[in-house]
Amino acid sequence: MTLRKIALLGHPVLLEPARPVADPADAEVRALVRDMAETLADARGLGLAAPQVYSGLRVLLALEPGEDEVDRMAEPLVLINPVLTPLGDRRETAFEGCLSIPGLRGLVPRHHSVGLTAIDAEGRPVEREAKGLFARILQHEVDHLDGVLYLDRLTSPRHLAFDSELARLSAHLDEPAVAGRPAADARPRSGS
Ligand code: NI
């Protein structure tokens with residue numbers, strides 16, 4: 001069992017595009033996936049991308065939320081070389097956090113629905129659709145693989161808050177997306 005250190009905002013590893021995985025069965029990739037699962041669970045996050053643990057591979061883990069909330073016991077999906085395709089024009093705006101940017105939340109627009117293709121940890125093809133919070137988590141994590149942070153996508157630099165002020169900013173902006181609406185990749189109670 002190995003917890004990996006999570007890279008924090010300012011480390012260049014978060015700004016570099018990751019490279020595709022050639023062989024999911026590679027021992028290095030398997031160890032990475034195993035450690036990322038432990039690190040994600042320990043951090044109580046919704047998702048984790050390999051660059052956040054200083055790896056330059058296109059690997060991410062994401063929890064799939066149920067109807068209303070995240071199933072905290074669920075095993076995260078392992079997605080290798082994921083590709084997202086927006087489905088339709090609908091966008092939704094909600095507050096997001098990031099394990100690499102502890103203590104802050106920002107208002108970010110995302111596609112409501114996306115198509116996903118990837119391979120899983122066993123090398124099997126994944127092809128499906130995602131919507132709502134799950135689609136948001138996937139977009140957040142795939143952004144990490146491209147060296148993009150949610151700060152790059154804020155509706156405005158003014159729409160950023162410390163966790164302690166989030167309810168105030170949310171009320172000020174008339175954005176309901178706070179209580180009970182965790183967003184990628186840090187959970188509200190994670191303190192990260
Ligand atoms: Ni993140």
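Predicted model: local features only at pLDDT ≥ 70, side-chain atom pairs only at ≥ 80, totals over all residues.
**Entry 1: the five-stranded sheet**

I began with the strand order. Five strands form an open sheet, and I read them off as β1-β2-β3-β6-β7. Their pairing is antiparallel. Which strands stand at the edges? I found β1 (47-49) and β7 (125-131) there, each pairing on one side only.

Helix α1 does, touching β1, β2 and β3. The direction of α1 makes about 30 degrees with that of β2. Helix α2 (residues 132-145) packs on the sheet as well, and it touches β1, β2, β3, β6 and β7. For α2, the angle with the direction of β2 is about 155 degrees.

**Entry 2: strand pairs, one by one**

I went through the pairs in this sheet. β1 and β2 run antiparallel and are joined by three bridges. Here Gly 47 stands opposite Ala 62 of β2. β2 and β3 are also antiparallel, with four bridges. In that pair, Val 59 faces Ile 80 in β3 as its opposite residue. How many bridges join β6 (residues 113-119) to β7? I noted seven, again between antiparallel strands. One of the paired residues is Ile 119, whose bridge partner in β7 is Pro 125.

**Entry 3: the two faces of β2**

Are the faces of β2 covered or open? I found both covered. Val 59 and Leu 61 lie on one side, Leu 60 and Ala 62 on the other. All four of these residues are buried.

**Entry 4: the cores**

I looked for nonpolar cores next. The largest has 18 residues. Leu 32, Met 36 and Val 59 have the most contacts inside it. Where do its residues come from? I listed α1, β2 (59-62) and β3 (77-86), each supplying at least two. α1 gives the most, with six residues.

Leu 32 is in contact with Arg 4, Ala 50, Val 53, Ser 55, Leu 57 and Val 59.

There is a second, separate core of 17 residues. Among its members I noted Leu 46, Ala 49, Leu 116 and Leu 145.

**Entry 5: the three-stranded sheet**

I turned to the other open sheet. Three strands form it in the order β4-β5-β8, with antiparallel pairing.

I checked one pair in detail. β5 (residues 101-111) and β8 pair over three bridges, in the antiparallel sense. Leu 104 stands opposite Phe 162 in β8. Helix α2 packs on this sheet, touching β4 and β5. The direction of α2 makes about 60 degrees with that of β4.

**Entry 6: Asp 42**

My last stop was Asp 42. This residue is found in helix α1 (residues 27-43). Is Asp 42 buried or exposed? Asp 42 counts as exposed, because its relative accessibility is 52% and the exposed class covers values over 50%. I also looked up its distance to Leu 3. Asp 42 and Leu 3 are 39 residues apart in sequence, while their C-alpha atoms are 7.9 Å apart in space.

Note on methods:
Residues numbered from 1 in each chain as written. Heavy atoms only, no water. Buried < 20%, exposed > 50% of the residue type's maximum accessible area, 1.4 Å probe, protein only. Core = buried A, V, L, I, M, F, W, Y, C linked by side-chain atoms within 4.5 Å. Contact = heavy atoms within 4.5 Å. Pairing = 2+ DSSP bridges. Axes fitted to C-alpha atoms, helices over the stretch in contact; angles between N-to-C directions. Lists of a residue's contacts leave out its neighbours within four places in sequence.
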